[in-house]
Amino acid sequence: MFLFLLFACGSPPNDPPKPAATPPKAEQVESLGFDADLERALAFYATRPEMEQPHGKGFEVPSGVPDLSAESCGICHGEIYEEWKLSTHAHAWIDPQLQEEMKKSANRWLCENCHTPLLVQQANWTVGLSEGDVEAPQLVPNEKFDAKLQEEGITCASCHVRDGVIEGPGLPDSVAAHPVKADARFQSEAICLRCHQAVAEYPGKSFVCTFNTGKEWSEGPYADEQSCLDCHMPTVERPVALGGPVRKVRSHYWRGAGIPKVAGVHPPPSANPPGLGLDASWTPAELSLTMTNANAGHMLPTGDPERWVQIDVRFETEAGEAVGEPIHYRIGQTWEWYPAPKKLNDNRLAPKEARTETLAIPEGAARAVIEASSHRISKETAEYHHLDAYPRSLLIHRITVSAEGVDAEDLPKQ
Ligand code: HEC
Ligand code: HEC
Ligand code: HEC
Ligand code: HEC
Ligand code: HEC
């Protein structure tokens, strides 16, 4: 059997997977009853770094709300619910890649604390580690486990519900039907960073955690201009809840590169433009191609190290026949996973960075067709995980360049 540990908080192979030693195992320990187990779990998590801790409990349902499901919040917050349903956050648990990766190691309790961050969303809790090994957790079952809420991944309650109270940005003159508490974290990147800024090494393990989006942003030119919310939750004017006043509030799509988790289910392209800007010019002998991180407030691509942006250039004769060799650029990271995870190369575009490449135009070429696409996962890695139907990439630009200038095509909207 192969063991290849793909912490996307770490991630898949750029080099082919290799067999490893027998994986350590999770151990089910005796339950001492709900309250005692909860206490043991909280005591254990308190000894761990913040990124390995759950974000809240979620056992108390706020008054005025039927239950914690997104659908129930949607009774009154219909538009927010419809947006969230299309988001990647709503797919954070059912993500087929996550599900496949979690079969490969008993480290899945780490994944759960970000992908299903409330204790109520987790079937088991960790109360200790055998010999301190993160791949050998001691688990107790959660009697009040809510399987529906687990399916919802990063759901409304994951961000908004703490100890029976709904936390939010603090709407002035709120007409809320439930208890609310204003929390300043909702008005800045703070709410995002707990999951999107997490870098950790696990010595002796073939996984790492490499989410550095927060730092890429705070050290870049957007830090004083636009926050995560400004780009990923752009403002809208509408009633927050059925029958409430119109307010200037925020959409809940969080569109990233736009590659869906489930074919056909994704936020509209208008929710966030592609990060890459593409331009080109044609002189008699040379094609000059400029790739810019035009819209992303962090590295392009960011997050999962398996992602990349690809630019494919092909030359054609006047009659449309291929001429010369096609050229491919890959913008992303390359990692080696054995014997230990190591970054080999990183040619991503920093925020606002522009990079120009000059290509010789082959004899007889009348134009170049340039396509850019975003990729979540390589074909090989998808096959390794048996992810046949998993959408892997998205075409973002197609331009034709000739002596006449640049012609950008309107691509089918996804
Ligand atoms: C990833 C965390 C996250 C999730 C998941 C989430 N929200 Fe929010 N929500 C926020 C943030 C951040 C704001 C504050 C925006 C601002 O500063 O105005 C917010 C604001 C709100 C507001 C106040 C009005 C507004 O739109 O700004 C309501 C109501 C709300 N969310 C309801 C929901 C509902 C219902 C769901 C599930 C369908 C949900 N949220 C899911 C983070 C989240
Ligand atoms: C019975 C209707 C109803 C249900 C169900 C409901 N809400 Fe609300 N909620 C409201 C109303 C009304 C407001 C206030 C709107 C206003 O003042 O414009 C509100 C306000 C909010 C706010 C803003 C709080 C603030 O002031 O910062 C958040 C966040 C929120 N709700 C989240 C949720 C979540 C999450 C759920 C599901 C667990 C939920 N709501 C279920 C009616 C509801
Ligand atoms: C509880 C952890 C958590 C919080 C809090 C959180 N995220 Fe995420 N976010 C995730 C995970 C996990 C994914 C990826 C899910 C997957 O791909 O299966 C994700 C995905 C995304 C994506 C990528 C969408 C895509 O299609 O690739 C964007 C953009 C994003 N989050 C923005 C935000 C912003 C902005 C905030 C703050 C308002 C935020 N997130 C808060 C965990 C979180
Ligand atoms: C200036 C606007 C801007 C800001 C600020 C910004 N982003 Fe983004 N973000 C984008 C764009 C545009 C993309 C799409 C990139 C692409 O085409 O691959 C993106 C992509 C992402 C992705 C998805 C990566 C992928 O490949 O799909 C995540 C996750 C993300 N952003 C999180 C964040 C977080 C967290 C913050 C704050 C620390 C933030 N972003 C700040 C514009 C922004
Ligand atoms: C510290 C929080 C955190 C932990 C722990 C975590 N993840 Fe994630 N995961 C994220 C975030 C944030 C994203 C979104 C990254 C992005 O889009 O930039 C994500 C995305 C993913 C994706 C989608 C990758 C893609 O390219 O679309 C998979 C699969 C995944 N995680 C698997 C796992 C597995 C398996 C584990 C446990 C071994 C795990 N994650 C642990 C936060 C976490």
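Two strands pair if DSSP finds at least two bridges between them. In this predicted model, strand S4 and strand S5 (residues 165-168) meet that criterion, pairing in the antiparallel sense over 2 bridges. Val 161 stands opposite Ile 166 in S5. The two strands belong to an open sheet of 3 strands, in the order S4-S5-S6. Pairing within the sheet is mixed. Strand S4 (161-162) and strand S6 (180-182) form its edges. Each has a single partner strand, so one side of each is left without a neighbour in the sheet.

The surroundings of ligand 1 were examined next. The shell around ligand 1 comprises 24 residues. Cys 73, Trp 84, Cys 156, Cys 159 and Val 249 are the closest. Four elements each supply at least two residues of this shell: helix H2 (70-76), helix H3 (78-86), helix H7 (156-160) and strand S10 (246-250). The top contributor is H7, with 4 residues. By class, the shell holds 15 nonpolar residues, 8 polar residues and 1 charged residue.

Arg 108, Trp 109, Leu 110, Glu 112, Asn 113, Cys 114 and His 115 are the buried positions. These residues pack against two helices, H4 (96-102) and H8 (190-196). They also pack against two strands, S2 (124-129) and S3 (137-141).

At the level of domains, the assignment for the protein gives domain 1 (27-250) and domain 2 (269-408). Their centres, taken over C-alpha atoms, are separated by 33 Å. The two domains are in contact, with 17 residues from domain 1 and 18 residues from domain 2 taking part. On the side of domain 1 that touches domain 2, the elements giving two or more residues are H4, strand S8 (208-212), helix H9 (213-218) and helix H10 (228-232). That side has 8 nonpolar, 7 polar and 2 charged residues.

Methods: Residues are numbered from 1 along each chain as its sequence is written. Chains are lettered from A and ligands numbered from 1 in the order in which they are written. This is a predicted model: local features need pLDDT of at least 70, side-chain atom pairs count only at pLDDT 80 or more; totals for chains, interfaces and linings use all residues. A residue is near a molecule or strand if its C-beta atom, placed from the backbone, lies within 6 Å of it. Ala, Val, Leu, Ile, Met, Phe, Trp, Tyr, Cys and Pro count as nonpolar, Asp, Glu, Lys and Arg as charged, and the others, Gly among them, as polar. A residue is buried if 20 or more other C-beta atoms lie within 10 Å of its own, exposed if 12 or fewer, and partly exposed in between; C-beta atoms are placed from the backbone. Two residues are in contact if their C-beta atoms, placed from the backbone, lie within 7 Å. Domain bounds come from an automatic or database domain assignment.
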